[in-house]
Every structure is written in C-alpha cells, then in structure tokens.
Number of protein chains: 2
Amino acid sequence: MVNASPDLRTQINQTPALHPREGLRSTPIAGVILTGGEVDTITGLLTLREREPFTLLATTEVLAMLDANPIFEALNREVVPRETMALDQPLPLRLRDGSPAGLTIVPFVVPGKVPLYAEAGPDPAAICENGETIGLEISDGAHRVCFVPGCARMTDNLRVRLRGADAVFFDGTLWVDDEMIRAGLGEKTGRRMGHMSIDGMEGTIAALRDLGIKRRIFIHINNSNPVLLADSPERAQVEAAGWEVSHDGMRITA
Amino acid sequence: MVNASPDLRTQINQTPALHPREGLRSTPIAGVILTGGEVDTITGLLTLREREPFTLLATTEVLAMLDANPIFEALNREVVPRETMALDQPLPLRLRDGSPAGLTIVPFVVPGKVPLYAEAGPDPAAICENGETIGLEISDGAHRVCFVPGCARMTDNLRVRLRGADAVFFDGTLWVDDEMIRAGLGEKTGRRMGHMSIDGMEGTIAALRDLGIKRRIFIHINNSNPVLLADSPERAQVEAAGWEVSHDGMRITA
C-alpha cells in the first residue's frame, strides 16, 4: 500500500524488498491508494503500467480526475481495477490473493485545493474540504497511524483524527509560506498551493504540538525546504520540537 | 532539443552540462520536440513543469493528444507555448533568446500506431502513416542525422529519407517480434505494439544495410532486448553488422 509518487519509484529502486520477485517486471504491490489528484501524486502510476495487477483505490473526486485524462488508460482497467473509497468508512485492505492484509484504512477529508492543472473558476486558489485531498488513518488493530501528505490548514476535525496517534506522517512541503518566492522559484505562497508551512504561529509544529502523538514525521518535503539539510538550524528546530524528517528508504517499526 | 522521455531525466541527472546553471531549477532546455504521443514519449514533460520556459513542438495529431489530457496543463501555456510542426517542412531551431540555434529539423512521417491508451475502433493495432508517429531529420548544414525512435515497418519513403545520412538513431525496441511473449512480459508481438524488430529478413539490420549510412545507432531499447547485454551473442551480431547500442550519457561528435 503506497502512494504513487516519484518517491515511490526511488523507493522501488533502492529497497531490496521491493525488487521484482518473479520475472523481469513483477512487483509485490497489491494496491495503490491515491490521496489526491496532483501531478506528483498520480504521475507515478504511469510507471506501473506494464500489466502488473493491483487495485487502484481513490475517492470519487480523484477517480474523476483520472477518468478525465485518457493517458491513464495505459493502466488497463481489467488488470488494474479502479475502486471508489468512501470517506470516513473503514476499509480492510486485501492482499493480491484476496486474503486480509491485516490493515484497515479510513480515508478522511483534509483541507486542500484542486490540482494546478485543474484550476478553474473565479477563485482557483479556493481551499476545499471534499474528497479531492484526503488523509489516511491506517490501523493494524493495535497501532494507529495517520498519513497526511498535503494539508492546507488545521481544522478541528483533523485535530480529533490525529490526536493520540502512534505516528503521523504530515505535509512538510515548506518551512515558511513565502519560501518559493524568496528562493526565486515561483510567485506562489504555500497557502496559494494548498500547503500549510512548518514554522510559525499557525504552522505545523505548533498545530500538532499538544495532540499526544507518539511520532511525528515530515513527508512530501519541497527541495526549497531547509529542513532537508542535516546541518541547518531549521532541521535542529524541528528535531528539538520532536519531529523527524523522512528520507528515502526510511522504515518505521512499531 | 530533446525528446521528453524518462531517459532524458536520467541524462539531466547524469550530465554535468545539463545541471542547473542558474538557481535551483533552471535548465538549458530551449525546446522539446515530440515524435509521438506514447506514454514513454510524453510523460517526461510532467517533470519539466516548474515554470521553466521552453517551446513544445509537435504535430497536430500529437498536440491533440496532449490537449485531450488536462494533466499537461501543468505546463502553463504562457510559459511553455505549444507550436505545431508541419510535416516535411524545414524548421530552423531557435535558442531561448530567439537567435538561430544553427540546426534545422524536418519532421517526417514514420509508420506507427496510436498510443496504447488511445486505442479504439475495430482495429486498434492498425499501422497508420500520419503525424502520430514521426522521425526527425536534423541538419547543421554540413551533417545530416535522422532520429527515428519508433518505427513499425520500413517503407520506400523512409529509405529515401535515411539514405546517405551521417548518422541514424533508430527504434531498437525488440530483438525479435515475439520477444515479450517468450519472456512472459505480455501477450503482444512487436508488430502489435508498432515496432519492427532488429533481427530477421524484414528486420532493421537488413532494412538499413545498404543505405550508405555512416553511423547506425539503436535507441529506445526495451529491457527484454538482449542487445543491452554487453556480452550477449545478439550484441556481437549487431556490432558485426556495423550498429552501435546507445547508452546513458552517450555523446556523438561529428
């Protein structure tokens, strides 16, 4: 169960456990769960098009984005069935042979914006709270993990969901809201792109500080974010606040 | 001037000349010319979406495939203008500042099939000869190179085009037509996928043998093709026939 991002491909290349087990092109991937329809979330699917069977799970909204792009028909629907996930409903995951994987997920809404390529209407930057951006609660019955790769702002619902989790993987795109502008990489703030930032009064560190979460781990980190540098003051600051910065090949053990 | 394939990305990562020259995300790429609309030809465009300006050149047919997929709107049309190339018309390439690049291309039709994801109608495997699959003749005034990454069969027109070229880069997808089936990778022959094979009476080596081409180089080689192995009998055979097998980072000097 993975998110089909470019990072996944890196992971497949670097993690021996994900090397083909049979033949030239097999993968052990039984399913892909999409948490949104942005380019970096869905493009990786196109590298999984070599007729390897898996189940593609997404919300109605995200499946509609795939449907609107014929290029994703490269994933033959007979080999890669597309299944709709209902929000807030527990969904037991299955292995390829149909037997229980021992994990249950609950997809939940996270504030976000429509993908850049699908922006339209009077306010393309509008933050929506529907199935276009979701998080996943993952449980094996004993532990509870929340996976939130993109989040535009904290809400009461989200706080309730994250409280007391064994681990939270959270959107670490930017350190500060105007980071892309300062670096000369673009004209947009993090807010405009649908991401809350790590630092500041309304930032992620502050928002998740008192929720009793055992492990807090930043994922989906932009290459402009100084927390990526092992010797930066910002890295020291997130670590002092009890956060970890994810890296390729990272493994989490309960 | 490059083909936006995953290989390009490898090349960017590995070739110092293609490292960013300014800032975190600059590229020296002034333009991308598409030779078709298949997934492996166009997906690389999505990694060039960070607001770096370049010109996207393609035929009417291929631009229509991009238009039909909203995900490619991630390349803002104001930053990355899309320009139609006319078949058989010389097109002088320009640098980013508009000055001549010193290279002229002529796009020409090559037998091919529509992309897998766009297959439809009574005969999805039909070979067409229109702007959906093209080759490029590239000239600096003194040398003439032909670039043909996908070709379903040899034709008289194609022979005329390739004859006497200083170099030809040609579709090396498969060694033999049933290679994918034998390897258990799929049910399709090369012919069904729109690729002629290297070996055999109607193969590429035979078809390009007597055309007076100075250098013949296989590109677009599938991972099932034994010519990729430096010590295979098939590699020895293509080299004995005067062909070269391309590799990441290859540079050709006149």
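## A walk through a two-chain model

Let's start in a loop: D88(B) sits between strands β3 (82-84) and β4 (91-94) of chain B. Keep in mind as we go that this is a predicted model. With a relative accessibility of 44%, D88(B) is partly exposed. Most residues other than glycine have a negative phi.

You'll find H220(A) in the loop that runs between β9 (215-219) and α8 (233-240) of chain A. H220(A) counts as partly exposed, because its relative accessibility is 29%.

Now step back and take in both chains. How does chain A superpose on chain B? A rotation of 180° does it, with 0.0 Å of shift along the axis and an RMSD of 0.0 Å. That is how a two-fold axis relates its copies. The same surface serves both copies, as 100% of the contact residues of chain A recur in chain B. If you'd like a landmark for the axis, go to N69(A): of the residues of chain A, this one comes closest, with its C-alpha at 2.3 Å.

Next, the greasy part of the model. In soluble globular proteins, nonpolar side chains tend to be buried together. Here the largest nonpolar core has 44 residues, and those with the most contacts inside it are L34(A), L45(A) and F72(A), along with L34(B), L45(B) and F72(B). The elements giving two or more residues to this core are α2 (39-42), β2 (55-58) and α3 (60-67) of chain A, plus α2 (39-42), β2 (55-58) and α3 (60-67) of chain B.

Is I205(B) buried or exposed? It is buried, because its relative accessible area is 7%, below the 20% cut-off. Setting aside neighbours within four places in sequence, I205(B) is in contact with I198(B), F218(B), V238(B), A241(B) and W243(B). For a sense of distance, the C-alpha atoms of I205(B) and L158(B) are 14 Å apart, while 47 residues separate the two along the chain.

Over in chain A, look for S197(A) in the loop between α6 (190-193) and α7 (204-207). S197(A) is buried, with a relative accessible area of 10%. A polar atom of the S197(A) side chain lies 3.2 Å from the backbone nitrogen of D177(A). Leaving out residues up to four places away in sequence, S197(A) touches L174(A), W175(A), V176(A), D177(A), G203(A) and T204(A).

Finally, the cysteines. A disulfide is a covalent bond between the sulfur atoms of two cysteines. How many disulfides are there over all chains? The count comes to zero. Take C128(A): the closest cysteine sulfur, in C151(A), is 12 Å from its own, so that pair is too far apart for a bond. What about C151(A) itself? Its closest cysteine sulfur is in C146(A), and since the distance is 12 Å, this pair is also too far apart for a bond. The cut-off for a disulfide is 2.5 Å between the sulfurs. C151(A) counts as buried, because its relative accessibility is 0%.

Terms used. Residues are numbered from 1 along each chain as its sequence is written. Chains are lettered from A and ligands numbered from 1 in the order in which they are written. This is a predicted model: local features need pLDDT of at least 70, side-chain atom pairs count only at pLDDT 80 or more; totals for chains, interfaces and linings use all residues. Side-chain values use heavy atoms; hydrogens and water are left out. Buried means under 20% relative accessible area, exposed over 50%, partly exposed in between (1.4 Å probe, protein chains only). Contact means heavy atoms within 4.5 Å. Copies are superposed by least squares on the C-alpha atoms of residues with pLDDT of at least 70 in both. Helices (H or I, at least four residues) and strands (E, at least two) are DSSP runs, numbered from the N terminus. A polar contact is a pair of N or O atoms within 3.5 Å; within protein, one must be able to donate a hydrogen and the other to accept it, and residues adjacent in sequence count only if both atoms are side-chain atoms. A nonpolar core is a set of buried Ala, Val, Leu, Ile, Met, Phe, Trp, Tyr and Cys residues joined through side-chain atoms within 4.5 Å.
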